[in-house]
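Subject: Structure handover

Hello,

Here is the structure you asked for, with the sequence. My notes on what I found follow below it.

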Amino acid sequence: MIEIPVYAGIIVAYYYLVLSLLGSWVTHLFETDRRLYAAACLGMILAQGILLDLTTTLLLRAVRKRMR
Amino acid sequence: MDFPVSHAHIAPVYLVVVGFVIGVLGGFFGVGGSFIAGPALRLAGLQWNMAVGTDLAHIMGKSVVAARKHRALGNIDFKLGFIMMAGTIAGAEAGAQGIEALKRHGDVNMVVSWVSIVVYFSISTFMAWDAWETLRAHRPGAKRGAPPAENTRSDRTSVGHVTARIQRLHLPPMISLPTSGIERISVWVILAVSFVGGIFSGFLGGGAGYIRMPSMVYLLGIPTHLAIGTDLFEVIISAGYATASHAMKGNVDILIALVMNTGAAIGAQIGATATQFFRGPGIRMAFVPLPLIGMGIVIYTLITGQKL
């Protein structure tokens, strides 16, 4: 099924984005400003939750359509 | 892969698989899965304080996905959820302060390990007994008990008499919860139940759904499906507060939480959808092995010195 490789591709690209681009910024915040780090944690986890929910909903709808 | 905030080296596939399993469990049982995620992160080499805080962050994100699905199924009592938030947040801060005190004394890993073992075992034992008694009383040909529920949203437990007594406690202000089918219950009872759940959240990590979901069913009398959805909704706010608290204390590696959530998002959708096909006692019986798995992982980390 094409949806799984598509999701896997999105995840790999996401890892690169999150870990490579955000890693040093997040670590800097952690070491210098804990309040801002806490706010960034909440913002990132919420944004990711909503984004992944939309992505997985579309993905599962596509899977169900194909199964029918 | 290296995670610079916690100085941990963990395979991302491990985190995604753990996240997926916990996502399914969360969507189906209404629990954050901290009784597995916490020990799983500990097993990967994280200190308990970092495992507790990181788990909270992951649970918050995962609960957004699962709660949206349960809302579509009509499984959320928003009135109850908002009241519980107040008690949970206060309890979570108390629990987080407990972790800080243990960090200062240098024995956070040992104490949290033993507390989690006792808690996980107790919950599993009680829920096994209740689910068994309820299923036995309501199977065809049973001599006692009322006929089985006609649909998956109504529910019965073996401690209904205790629940009825708690609901009759007259401690004003009293409110009704029409979505959950409760005519009258004291706000203080709801706050007390949620405060205790919050302490476990802040101390052992996660949303403490393994405490709160059973508490909502057995103490408040909330039907299991509504307890699942309402708990997930409430976890978004309470875990968010606990995440912020732990992040300011240096106990959250957000990068690990973000990676775990990529698996959790799919799992939560699957788990939430599956609840439509099961009744309350069946869900509660299926829940029993989960805290025992977490207990097993914690025992393993104690015996072997923790790292995979």
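The side chain of B:Thr262 reaches the backbone oxygen of B:Val259 at 2.5 Å. Please bear in mind that this is a predicted model. B:Thr262 sits in helix H10 of chain B, which covers residues 254-274. Is B:Thr262 buried or exposed? With a relative accessible area of 1%, B:Thr262 falls under the 20% cut-off, so B:Thr262 counts as buried.

Chain B as a whole

Chain B contains twelve helices and four strands. It has 308 residues, and 60% of them count as buried. Among the contacts in chain B with a separation of 6 or more, 80% are between residues 24 or more positions apart.

Strand E2 and B:His9

B:His9 belongs to strand E2 of chain B, residues 8-9. Its relative accessibility is 52%; the cut-off for exposed is over 50%, so B:His9 counts as exposed. The side chain of B:His9 also makes a polar contact, at 2.8 Å, with the side chain of B:Asp2. Further along the chain, B:Ala44 is 35 residues away from B:His9 in sequence, yet the two C-alpha atoms are separated by 8.0 Å.

Helix H2 of chain B

How many of the ten residues of helix H2 (residues 34-43) of chain B are buried? The count is ten of ten, and the helix is mostly covered. The buried residues of H2(B) include B:Phe35, B:Ile36, B:Leu41 and B:Leu43, and B:Ser34 and B:Arg42 are also on that list. Just after H2(B), B:Gly45 takes a positive phi of about 110°.

Helix H5 and B:Asn109

B:Arg42 comes up again here. B:Asn109 lies in helix H5 of chain B, residues 108-137. Which residues does B:Asn109 contact, leaving aside its neighbours within four places in sequence? They are B:Arg42, B:Gln47 and B:Trp48. B:Leu302 is 193 residues from B:Asn109 in sequence, and their C-alpha atoms are 9.0 Å apart in space.

Where chain A meets chain B

The contact involves 29 residues of chain A and 33 residues of chain B. The size of an interface is often given as the accessible area lost when the parts come together. Between chain A and chain B the buried area is about 2,700 Å², with 75% of it from carbon and sulfur atoms. There are zero salt bridges between the two chains. Polar contacts between chain A and chain B amount to four residue pairs, counting those with both residues at pLDDT 80 or more.

On the chain A side, helix H1 (3-32) and helix H2 (34-67) each supply at least two of the residues that touch chain B. The largest share comes from H2(A), with 19 residues. Sorted by class, the side of chain A that touches chain B has 20 nonpolar, six polar and three charged residues.

Those are my notes; the structure is now with you.

Regards

Note on methods. Residues numbered from 1 in each chain as written. Chains lettered and ligands numbered in written order. Predicted model: local features only at pLDDT ≥ 70, side-chain atom pairs only at ≥ 80, totals over all residues. Heavy atoms only, no water. Buried < 20%, exposed > 50% of the residue type's maximum accessible area, 1.4 Å probe, protein only. Polar contact = N/O pair within 3.5 Å; in protein donor to acceptor, adjacent residues only side chain to side chain. Contact = heavy atoms within 4.5 Å. Buried area = accessible area lost by both parts, 1.4 Å probe. Salt bridge = Lys/Arg side-chain N within 4 Å of Asp/Glu carboxyl O. Nonpolar A, V, L, I, M, F, W, Y, C, P; charged D, E, K, R; others polar.
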